[in-house]
Amino acid sequence: MHVQGSHWSSVVASGGATMSATAGNGRGNGSRTTPLRVDAQRNLEHVLRAAREVFGELGYGAPMEDVARRARVGVGTVYRRFPSKDVLVRRIAEEETSRLTDQARAALGQEDEPWSALSRFLRTSVASGAGRLLPPHVLRVSVEEDRAGQARVPQQRTQPGPTELRLVPEEPVAVASVPTSAVAAEDDAGASALLEVVGQLVERARAAGELRADVSVSDVLLVIATAAPSLPDAAQQAAASARLLDILLEGLRSRPA
């Protein structure tokens with residue numbers, strides 16, 4: 001399971017400071033937009049794709065040099081688009097949250113059967129590798145919202161080493177230019193959008209009697225994270241993910257007494 005976040009405290013504190021100004025597709029402050037040159041746009045796409053692959057394989061603690069090497073660009077090119085690693089991490093995490101939300105909405109809107117909708121969302125999300133990039137703040141918010149079940153998410157290692165990831169990060173150091181509360185609110189807004197639509201999938205399946213009554217939104221997100229093992233061979237990884245998800249789905253289903 002790859003719930004990553006060795007740099008997450010600093011992302012919350014400083015990642016948003018430069019994200020809106022520099023990390024978008026040519027987006028600047030306010031309404032001003034400067035289109036990227038074709039080569040610059042291509043490099044940006046390479047960096048984002050490489051970052052998703054590297055962070056998915058090694059965790060958010062992977063160095064920027066690994067991202068640059070995978071993108072086949074110089075590390076200076078990466079830093080020109082993302083002035084700090086925290087900004088890049090934040091960009092990838094935001095994109096992953098948005099991707100999951102879109103997948104959940106598609107399942108909700110295109111599947112009439114409640115269980116089919118929930119299982120489609122889980123299969124699509126696991127197949128896309130979402131669990132290896134699931135942002136810690138999404139799990140944090142989902143756990144806080146599952147008050148009745150009092151669910152708790154265990155700490156996870158980002159990769160072999162002494163650093164432990166805390167899904168509820170320690171109080172970050174404030175950055176004068178961007179209030180920490182504003183950055184946290186932005187994180188929670190994206191997470192809340194995801195949780196709202198996943199909550200609808202869960203409630204529909206539960207109301208139809210197809211989902212165990214004790215299964216929460218947090219449990220569903222943990223299934224996505226758990227069913228995404230990182231293996232060196234892509235075919236083995238896909239097969240292992242599909243097999244593990246089948247087992248987990250069976251555990252979620254309600255059974256006649």
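Leaving aside neighbours within four places in sequence, Leu122 is in contact (heavy atoms within 4.5 Å) with Val220, Val223, Ile224, Leu245, Leu249 and Leu252. The model is a predicted one, in which local features need pLDDT of at least 70 and side-chain atom pairs count only at pLDDT 80 or more, while totals for chains, interfaces and linings use all residues. Residues are numbered from 1 along each chain as its sequence is written, and side-chain values use heavy atoms, with hydrogens and water left out.

Leu122 is also one of the residues with the most contacts inside the largest nonpolar core, together with Phe121 and Val198, and this core has 33 residues. A nonpolar core is here a set of buried Ala, Val, Leu, Ile, Met, Phe, Trp, Tyr and Cys residues joined through side-chain atoms within 4.5 Å; buried means under 20% relative accessible area, exposed over 50%, and partly exposed in between, with a 1.4 Å probe and protein chains only. Two or more residues come from each of helix H5 (85-110), helix H6 (114-127), helix H8 (180-207), helix H9 (217-226) and helix H10 (234-252), and H8 gives the most, with eight residues. Apart from this core lies another, of 22 residues, among them Leu44, Ala50, Val73 and Val78. In soluble globular proteins, nonpolar side chains tend to be buried together.

## How H6 packs on H9

Two packed helices are described by the angle between their axes and the distance between the axes. For H6 and H9 the angle is about 35 degrees and the axes are 9 Å apart, where axes are lines fitted to C-alpha atoms, for helices over the stretch in contact, and angles run from 0 to 180 degrees between N-to-C directions.

On the H6 side, Leu118, Phe121, Leu122, Ser125 and Val126 meet Val220, Val223 and Ile224 of H9. By class, this contact of H6 with H9 has seven nonpolar residues, one polar residue and no charged residues, counting Ala, Val, Leu, Ile, Met, Phe, Trp, Tyr, Cys and Pro as nonpolar, Asp, Glu, Lys and Arg as charged, and the others, Gly among them, as polar.

## The overall chain

The protein chain has ten helices and two strands, which are DSSP runs numbered from the N terminus (helices H or I, at least four residues; strands E, at least two). Read along the sequence, these elements follow the pattern α-α-α-α-α-α-α-β-β-α-α-α. Of the 257 residues of the chain, 45% count as buried, and residues 24 or more positions apart account for 72% of the contacts with a separation of 6 or more.

Not counting residues up to four places away in sequence, Leu108 touches Val197, Gln200, Leu201 and Arg204.

## Two exposed arginines

Arg72 is found in the loop between helix H3 (64-71) and helix H4 (75-81), and is exposed, with a relative accessible area of 80%. Its phi is near 60 degrees, a positive value in a residue other than glycine. Most residues other than glycine have a negative phi.

Arg243, in helix H10, is likewise exposed, with a relative accessible area of 56%.
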